Amino acid sequence: MRYLIKNGSIIDPAQRVAMVGDVLVSAGKVEHVYDVADRYSEGGALNDDVEVINARGAVVAPGFTDLHTYLREPGEEHKETIASGTRAAAHGGFTTVCAMPSTCPTHDTAAVVRQVQAIAREQGHVHVEVIGALTVGREGRALADLAELAEAGCIAFSDGGRPLEDAALMRNALAYAAALGLPVMACCEDGRLSAGWAMHEGAVSTRLGLPGFPAAAEEARIARDIALAELTGAHLHLCQVSTAGGVALIRAARERGVHVTAEVAPHHLTLSEHWVLGNLPAGGGGAPAGRTTRSPHPELGVPAWLDPTLLPPYHPSTRVRPPLRTAADLEALVEGLRDGTIDAIATGHAPQSRVEKDCEYGLAAPGISGLETALALVLSLVHRGELDLVHLVAKLTEGPAQVLDRSPASLRPGARADLVIFDPDASWTVDATRFVSLGQNTPLHGQRLKGQVMLTMASGRIVFRRAGF
Amino acid sequence: MATSTSEPARRRHAIDLDDFSAAEIMEILETTASMKEVLSREIKQVPALRGRNVVNMFYEDSTRTRISFELAARALSANIVNFSARGSSVEKGESLIDTVRTLQALGADIVVIRHSQSGAPYLVAQHFHGSVINAGDGRHAHPTQALLDLYTINERLGQLRDLQVLILGDVIHSRVARSNLWGLTRMGARVTLCGPPTLIGPAHYWTATWPEVTVSHDLDAALAGANVVMALRLQKERQQAGLLPSLREYTRRYGLTPERLARIGPDVLIMHPGPMNEGVEISPEAATAPNAVIEEQVTNGVAVRMALLYRLAG
């Protein structure tokens, strides 16, 4: 099948291209990209066997890569499956997802890795890359057979959201992975400092009486792991960075030449700890605020269409690891994206079933089902003028590819036709009950967002197309 | 912040004091005085809540608070039943939401909930058509305790405005402290939190929500000028968790010892929400001093809970 995607605003960061034009896809590959000026130089022969897709007013970009996805299969298929998770990815404009090893069994043997790859080939809607477990059973006691996992095709090693407390083992893991040429992806949390946490430690946790996860618990662990990366010369990738202090540590390390890369999640860029308050008055000693319908936190610069007061207080959908932080952290994370300290936006897509979420806040499993709202959420930064659109697309395409040390996803002729068409200005209301992910756990249910994926193509095959597009 | 200060037509839930205005608190304290009068009669019962079903839903053991609510409900002629998590379907894995739906189906009008998880009453309120009263949730709130404290102070000292109140001890883990912060600051009292840094945390964590509050780690300095000292229970696990060097050092620095009792004089109210660890945060001498009102707090608790039940059911 051949497709001619016409009149789109083509954004291809890897080629430094941003222009209006057409993309011709053929046999699973990008065949040609036409500037509007030379579009018809090829003549009319195209029209015979080509399906024309009108992308006027929409952005055409390389498909997004998500470095941090919990697909839950094998082991927790009630939360998500490889089929449902990759379908959610397609809806979100992602053509590649990197599957975290937080499965049961975990990705600590080639057999499990091959099984995941096989299911992904058979049932996956987009490409799935497998992240191998760093330690046996992700228990933090002994290294997994990392070379075997590398041979099976793993693209990185990680213990998922479980922090590796043993510094000596982390050193060994980094040294060993370095020899295999693969990064170690670390979720940074000092488990003793964060013990018992329900949310970010600070003013809101104090007001709500919830045990806190201090920013220092992340920063201390980032500092340790950077020191170990420096010691071993390994490539350390920091997952789901959420603190201003963490960004500063990474910036300094990169300036020293340490091989460290980093990712940030859409929710950490846009939602603060105030979301746990929901519709409670923010305090400040005044009279009760009553139940407002508009954002009571203008100081956060939350646009009118992101309204935390749609949620009741202590809504478990706001519980995520690491937790939603402060307005100052949000600012520092966006600055980190702008100045290149942070390489990639990664969803941390963590679907949970209702059993894990419909309960008391402190007992709820952390996680946000993020694939289907990621683009619209980060586009709010563009709409607020905090990030430019080309830069944003780069953080979803070129950035993740660089982290994985691969040639970036691109629309250059001959490249695998992984692409997304999205309308950055289309408004829609989030309805979690209509997610294709099995995880309906999102704090954004009912929010008006701007920016919608219209079509996603993986290897030249349409894997998602919005009705009416 | 939004500026709407108008009261809801009728209060449905009492989960924290953060949404109580000074006027509403005053009204409740006035009703409490009437309820106290009822409790002083030979027949301690009025028919105000006849035919209403109140369920005490206690996920955490608390004999005192449970009995207080029970007596309050009975004095208003309500039907009250006790639901204790122990030995119930909860132990078999039933979720809080399912339990609430069941109680709803059984005809409960008011649920009184005690729970170890902060915020649990909000979850109950979302799934229950009647009223929810928070009888203490985690570290978050204990509004009836704060109301009875306000009543007791006001009854003894004749005012709340401009009083200097010292909340002493394990503030960070205390729902009593948080609800009193809302209540006292709203009534115009000045509050100082005093205790070791490990049991309070950074001062700006508190002043972000309660800007007028001050934090002190020096009890003897903080006692000067105080009109009320509210000592909080110190759980011995805090020492085991590494938050304190030793209980001995805690008592020396932050205990209401006989020496401190002598220094503050007879006009300063000594309060404690109970249960006390005598000899740790409070000495037996201080607990039984003429200016200690700890038993009055318990007595007033029944009347305050009657006033609140009456207000929600009214």
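**Core, domains and strands**

Q: Which residues touch the most other members of the largest nonpolar core?
A: In this predicted model, the largest nonpolar core has 244 residues. Such a core is a set of buried Ala, Val, Leu, Ile, Met, Phe, Trp, Tyr and Cys residues joined through C-beta atoms within 7 Å. Buried means 20 or more other C-beta atoms within 10 Å of a residue's own; 12 or fewer means exposed, in between partly exposed, with C-beta atoms placed from the backbone. The residues that touch the most other members are A:Phe157, B:Val111, B:Leu166, B:Val228 and B:Val229.

Q: Which helix of chain B gives the largest share of this core?
A: Helices (H or I, at least four residues) and strands (E, at least two) are DSSP runs, numbered from the N terminus. The largest share is nine residues, and they come from residues 294–313 of chain B. That helix is α13.

Q: Between which domains of chain B does the core lie, and why?
A: Domain bounds come from an automatic or database domain assignment. Both domains of chain B give residues to the core, so it lies between domain 1 (17–142 + 300–313) and domain 2 (143–297).

Q: What ipTM and pTM does the model score?
A: Residues are numbered from 1 along each chain as its sequence is written, while chains are lettered from A and ligands numbered from 1 in the order in which they are written. As the model is predicted, local features need pLDDT of at least 70 and side-chain atom pairs count only at pLDDT 80 or more, while totals for chains, interfaces and linings use all residues. The scores are ipTM 0.95 and pTM 0.94.

Q: What is the mean pLDDT of chain B, and where is the pLDDT below 50?
A: pLDDT is the predictor's confidence in each residue, from 0 to 100. The mean for chain B is 94, and 95% of its residues reach 70 or more. The pLDDT is below 50 in chain B over residues 1–6. Where pLDDT is low, the predicted coordinates should not be read in detail.

Q: Which residues does B:Val229 contact, leaving aside neighbours within four places in sequence?
A: Contact means that two C-beta atoms, placed from the backbone, lie within 7 Å. With those neighbours left aside, the partners of B:Val229 are B:Leu166, B:Leu168, B:Leu256, B:Val268, B:Ile270 and B:Met271.

Q: Which elements each supply at least two residues of the side of domain 1 of chain B that touches domain 2?
A: The domain centres in chain B, taken over C-alpha atoms, are 25 Å apart. In chain B, 23 residues of domain 1 are in contact with 23 residues of domain 2. On the domain 1 side, the elements are α1 (22–40), β4 (131–137) and α13.

Q: What is the radius of gyration of chain A?
A: Chain A has 14 helices and 18 strands. The globule rule is 2.2 Å times the number of residues to the power 0.38, and the radius of gyration is taken over C-alpha atoms. For 469 residues the rule gives 23 Å; chain A is close to that, so it is as compact as a globular protein of that length, at 22 Å.

Q: Which strand of chain A pairs with β5(A) in the antiparallel sense?
A: Two strands pair if DSSP finds at least two bridges between them. Strand β5 (residues 59–62) of chain A runs parallel to β1 (residues 2–12) of chain A, with two bridges. The antiparallel pairing of β5(A) has four bridges, and its partner is β16(A).
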